Amino acid sequence: MVVLYRIICLLIGYGCGLLQTGVIYSKAVGIDIRQKGSGNSGTTNALRVLGFKAGLVVFIGDFCKSFIPCMVTRFIFRDMFPYTYYIFMIYIGFGAVLGHIFPFYLKFKGGKGIATIGGFAASLIHPIFIVVLLAIFVGTIAISKYMSVGSIVLMIGIFITFIIQAILGLTCFDLSNGYSEEVFIEGTVMVFLLAALAIYKHKANIIRLMNHEENKFSFKKKEDV
């Protein structure tokens with residue numbers, strides 16, 4: 001039954017991830033965000049092409065489509081599986097990210113998943129660590145001037161934080177319990193895969209950074225639409 005729950009969570013998460021906020025918003029204002037800027041449907045491209053308001057709307061939409069399902073999953077499973085319910089949140093969050101990055105109806109070409117992973121992480125990570133991660137994210141962008149660098153550092157930070165807070169006893173996992181520890185390891189692998197996938201989706205940015213061709217972060221629009 002627990003395997004079936006995992007599959008159901010993954011599928012529901014994928015369905016939630018299919019809500020492409022960037023595409024919906026941009027078409028509402030008369031353009032297709034995928035035909036502008038970097039061609040990405042995520043927050044950064046919306047911000048650069050359409051401005052701060054659009055970037056904020058897209059971020060909130062992409063954040064909530066993983067955060068809300070994860071929190072609902074927490075409510076449903078926390079009493080049934082008090083020492084392992086995080087794993088179901090991880091599966092639904094994993095599905096949401098896959099739906100965002102690989103939407104079948106857009107030929108599997110979606111965003112890079114940073115905001116969606118952010119929503120997923122916010123449902124799992126202790127508020128104190130969320131503040132720390134936000135500070136690191138903003139600080140990295142402020143210092144480097146590159147959104148891509150901040151995003152990559154954030155993904156690494158989320159993975160490390162997930163492990164640290166489990167060791168500190170700030171998750172549902174009981175690492176002294178054999179089964180709970182096994183489920184924690186399963187969850188850790190999945191969080192690692194999400195972070196690795198998001199970083200991989202930045203491969204073009206990494207190449208541009210190495211060639212000193214990456215666009216620096218700015219709230220200003222890159223083009224008129």
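The protein chain has an average pLDDT of 92, and 96% of the residues score at least 70; pLDDT is the predictor's confidence in each residue, from 0 to 100. This is a predicted model, in which local features need pLDDT of at least 70 and side-chain atom pairs count only at pLDDT 80 or more, while totals for chains, interfaces and linings use all residues. Residues are numbered from 1 along each chain as its sequence is written, and side-chain values use heavy atoms, with hydrogens and water left out.

Student: Which elements have the lowest and the highest mean pLDDT?

Tutor: Helix α3 has the lowest, 85, and helix α5 (residues 86-101) the highest, 97. Helices are DSSP runs (H or I, at least four residues), numbered from the N terminus.

Student: What makes a set of residues a nonpolar core?

Tutor: Its members are buried Ala, Val, Leu, Ile, Met, Phe, Trp, Tyr and Cys residues joined through side-chain atoms within 4.5 Å; buried means under 20% relative accessible area (1.4 Å probe, protein chains only). The largest such core has 41 residues, and those with the most contacts inside it include Y86, I90, F120 and I158. Helix α5 gives the most to this core, with 10 residues. Another core, of 10 residues, lies apart from it, and V23, I33, A46 and L50 are among its members.

Student: Which residues of helix α2 are called buried, and what covers them?

Tutor: In α2 (residues 21-28), T21, G22, V23, Y25 and S26 are buried. Their cover includes α3 (43-50) and α4 (52-77).

Definitions and conventions. Buried < 20%, exposed > 50% of the residue type's maximum accessible area, 1.4 Å probe, protein only. Helix = DSSP H or I, 4+ residues; strand = E, 2+ residues; numbered from the N terminus. Contact = heavy atoms within 4.5 Å.
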